[in-house]
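Here are my notes for you on this one. Have a look at the structure first, then read through the points in order.

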Amino acid sequence: MTPEIKTERLILNPLESRDGQAMQIVFPRWEIVRYLNANVPWPYPEGAAQDYVDNVVLPAVKEGRCWCWSIRRQEKPEELIGLIELRDGENDNRGFWLVPEWQHRGFMSEACNAVNDFWFKTLGREVLRVPKAAVNTGSVMISRKSGMRLIETGKKEYVAGVLDYELWELTREEWLA
């Protein structure tokens, strides 16, 4: 089960089917999708968010392979401002996005710290690996601030095209220290 998580400023609610409509409104923006996996369709079609929630995320959650939260500010809990997800992928354990208006305020670091705690303390996982586009400087900064280290580089296809790729890693022991 995916629990609700509260941080100092955020509420991370387990993703629900009804979040698909809110996601469809805020997600299809170049600033959000450009550094996501090339499997994300662009231009983003009508109904794609609902399809993703109902047919990709929620079945994976039900099977215990994924934990996904909508990100909302405590002062305005009805407004979805992003998404954060943990998954049992071999080299892909966490992904996130945040609407541009709320970036550069520490919200995503706050959300990442909360779900990292869940990954290591509640789920008891030994390692967290996070792939990202090297040019995604905000995401790279979040990885560095949380104590992750770069373990692999290469090229991967993103919505924006083929870009340099980085794989960042954090162990349970490192996180708990």
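1. What volume does the second largest pocket have? About 150 Å³. A pocket here is an open set of points on a 1 Å grid over the protein atoms alone, where a 1.4 Å probe fits, with protein on both sides within 12 Å along at least five of seven lines. The volume is the space filled by probe spheres set on the points, which are joined across faces, edges and corners.

2. Before we go on, a word on the source: this is a predicted model, where local features need pLDDT of at least 70 and side-chain atom pairs count only at pLDDT 80 or more, while totals for chains, interfaces and linings use all residues. Residues are numbered from 1 along each chain as its sequence is written, and side-chain values use heavy atoms, with hydrogens and water left out.

3. Back to that second largest pocket: its lining includes Met1, Pro14, Leu58, Lys62 and Trp67. Both α3 (48–62) and β3 (66–73) give at least two residues to the lining; helices are DSSP runs of H or I with at least four residues, strands are runs of E with at least two, and both are numbered from the N terminus. By type, the lining has 8 nonpolar residues, 2 polar and 1 charged. Nonpolar covers Ala, Val, Leu, Ile, Met, Phe, Trp, Tyr, Cys and Pro, charged covers Asp, Glu, Lys and Arg, and the others, Gly among them, are polar.

4. Now find Thr7, in the loop between β1 (5–6) and β2 (10–14). Is Thr7 buried or exposed? Thr7 is buried, because its relative accessible area is 16% (buried is under 20%, exposed over 50%, partly exposed in between, with a 1.4 Å probe and protein chains only). Leaving aside neighbours within four places in sequence, Thr7 is in contact (heavy atoms within 4.5 Å) with Gln74, Glu110 and Ala114. Thr7 and Gln74 are 67 residues apart along the chain, yet their C-alpha atoms are separated by 8.7 Å.

5. On to the rings: the whole structure has 8 aromatic pairs. Phe27 and Tyr44 are edge-to-face, because their centres are 4.8 Å apart and their planes at 65°. (Rings of Phe, Tyr and Trp, its six-membered ring, pair with centres within 6.5 Å; planes under 30 degrees apart are stacked, over 60 edge-to-face, the rest tilted.) Phe27 is buried at 4% relative accessibility, and Tyr44 is buried at 12%.

Definitions and conventions:
On a 1 Å grid over the protein atoms alone, a cavity is a set of points where a 1.4 Å probe fits but cannot get out, and a pocket is an open set with protein on both sides within 12 Å along at least five of seven lines; lining residues have an atom within 4 Å of a point.
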